[in-house]
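Let's take a walk through this one together. Have the viewer open and follow along.

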Amino acid sequence: MTTATAAPAAATTATVEPLYVTGAGVVSSAGHGLAPLAEALRSKSAVSYGDPVGESYGDPVGDDADAYPPRPVRAVQGFRVQDHLGRKGTKYLDRLTSFGLVACKEVLEGLEGTEREGGRTGVVLATNTGSVSTHSTLLYDTLTLEKPYLVNPGRFPNTVMNSTSGQIAIRNGLRGLNATVAGGQTASLLAFRHARLALSLGRAERLLVGGAEELSAPAAWAWHRTGVLREGAALGEGAAVFTVQKEAPAGGVLAEILACEVRFTPDPRQYADGLADAVSRALDRSGVRPEEVDDVSLGAVHHRGLERIEERGVRAALGGGLPRAVRVADVLGETYSASGAMQLAALLGLWEAEEAVGPRTALVTSVGRDGNAAALVVRRPR
Amino acid sequence: MAEPVQSVNDAAAGRRVVITGLGAVSPVGIGADVFASAVRAGASGTAPIESFDASGFPRRKAGEVLDFEPTDHLKRLDPGQWGRSGLLAAAAARLAVADAGIDEGRLETAQAGAIMGTTSGESAVVQALAEQWVAGGLESLDGELAGQTPASRIANAVSAELRLTGETQTIPTACSASNYALGYAYDLVRSGEADVMLAGGADAVNRLTHAGFYALGAMAEDVPRPFAADRSGIVTGEGGAVLVLETYDSARERGARIYAEILGYAANCDAAHMVHPDAASIAACIRAAHEAAGVDPSQIDYICAHGTGTPTNDSTEVAAAREVFGDRIPPISSIKSMLGHTMGAASGFGAIACCKALEQDFLPPTANVTEPDPELGEGVDCVPGTGRAARLDIVQNHGFAFGGNNVITILGRVS
């Protein structure tokens, strides 16, 4: 029992059991799946910071493509949801939900028959704003229509932030836990933490865990005007979703998810300390020593101020050094709600592409503007 | 009949988790006691909309917190830097912590955190940005304001105001979000991941939600009359609802007043339709919640309904209850009749009403109703009009949402 005089760290520091990642579904500007993302990372074929902008990646897409601010974007090119899901039921789907649905289709196709039973499979998906394109279009309508109540009732349900996870459940018959998680830059890592607790307590047998983000002119302008990203830093979009389960699968395992620890730091001067604390606790609860970390996949890439804070926090927790750093935002641009999931996808893709021998252990880190910090430990078995 | 959802026996494992503090910033009053008295009296919290120009709408009422002045409650947050939803949440959190009598140093050593639900996030901020867009084009958006849009800032506002260092997560699962937040926070404390958590939800009245519910044909002609034959829909509402959760042992040790123990909860997804609820799936969620809490249907003394007041939703909810309870449905009432539909805060207010009902021995009423709709069948006691004295031991709090997200929490008296 903790008393008021005890030191902090009242909560448990028990070592966690691994969770198993058995599949990954990725939709990104690099292409579909882990392999093209790894290829882009290895060749830096699309560097999303500074000029020149890669020709095939630099253009916004969609009806509002001409209304974007003067800033590079890494749009998912040539994406038509009907190509992946057929025409049925796609009329009102926005881009955000379309990305989520296609990413989930990829992971669900990898599951065996009994594993697909919907009552035992759930969803934990990260988003901070839901679909900005849907929301802002309907808001624009209600502010400009002569009859402001004549907004499209077919699209209105898409304005709630759990719309994507709801649609994923409907389309795939997933009747289990269905959570949507917001946490700013750290949202996807919070989704993993949420999923870890739910799986460890038996609230689901299997969860589709990840994040999604979409580009639109209003969202791009909002980012541009906040000034939080370095000049010339690109904006990105896409979705990455992973099948995560507690039971060791009979088949292959892409990775093991170890501890995911989070921390809130009210004082901006202590953000690096907050992240260092989350990293240290995550390593500790994973039974991993700092020197055993092979890779770190960073999240605050291109963020003014936070980029250095993140590196400083990671170095502090690891004893000064920085292992190989993976910066997926260099390739995909800023993917915000999906960033943590994309950071994990980058690691898994690289590990596959490099045909790494022996186990590898990595950190996925994230730090956000209000003081959210998160650290996930992931291990490649063998 | 839906297949059983994943069930967990919450009663069998982990630490006991109790509710020791309540914070309500609501359309019927600010503060848990004011809120409880208003609810018991069947007060009305809906009035002509002030937060936006509703003159172009056929319906012009909402449940706004008209007397909410953030600086009355907040010690640290600068109201200019946070959206209305976050401010409502932070103010409710301040009230909840004061109500719990828990000292701020204790929150820090316990590494307390905040889990907050919402439907529309910082909708008032987004609305202001859309007005800038219409007036001056996208390039005229205010960068400071744009930085206030993420829904994550609702839980962040709570943690920033109270200098919390623990898990800070916003759960935007729409209108069941507060119950979801309560459930997740309960799991954190029960499993030992945290010792103290603040949980609840917040939303702000806004133009788009008002327009959308009207467009869906779900908006009441005048006032919400859940379970009545002449019910015609919802009235949108807003507010912040926060509860303090801690272990039973820690509450006892510090001599805290215990409102209720969280006996268990269940969450599932209809996976059928974005907007229309599914009776079989809700019934499955009720059963799973009972199993988690280790209770029988006969032990439930009261259901704080989702009770939106639309014709379909109320009959679906009663049908689901009938599937589980048979002809002995416990008293089932809707506080939305008084607050309006406070969206992501709704099941948080439901939980607060349940706690106060356990403490003060009454059944919360369904206001604006004299008798239940006969079409709902025999034996539906919606506690019409005003609250009724009753000794309650175990109560059930409903939250259902767009996307088919159902969450049910079971709260019990600690004697």
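Which domains does the domain assignment of chain A give? There are two: domain 1 spans 19-245 and domain 2 spans 258-380, with bounds that come from an automatic or database domain assignment. Before going further, some ground rules: this is a predicted model, where local features need pLDDT of at least 70, side-chain atom pairs count only at pLDDT 80 or more, and totals for chains, interfaces and linings use all residues. Residues are numbered from 1 along each chain as its sequence is written, while chains are lettered from A and ligands numbered from 1 in the order in which they are written.

Back to the two domains. The C-alpha centres of domain 1 and domain 2 of chain A sit 21 Å apart. Their contact draws 49 residues from domain 1 of chain A and 41 residues from domain 2 of chain A; two residues are in contact if their C-beta atoms, placed from the backbone, lie within 7 Å. On the domain 1 side, the elements that each supply at least two residues include strand 1 (19-28), helix 1 (34-43) and helix 6 (187-200) of chain A. Helices (H or I, at least four residues) and strands (E, at least two) are DSSP runs, numbered from the N terminus. Helix 1 of chain A gives the most to that side, with eight residues.

Now for chain B. This chain has 13 helices and 15 strands, and its C-alpha atoms fill a box of roughly 60 × 50 × 40 Å along the principal axes. For 415 residues, a compact globule would have a radius of gyration near 22 Å, and the 20 Å of chain B agrees with that (taken over C-alpha atoms; the rule is 2.2 Å times the number of residues to the power 0.38).

How do the chains meet? In chain B, 80 residues are in contact with 77 residues of chain A. A:L138, A:L139 and A:T142 make the contact from helix 4 of chain A, and B:R207, B:L208 and B:A211 from helix 8 of chain B.
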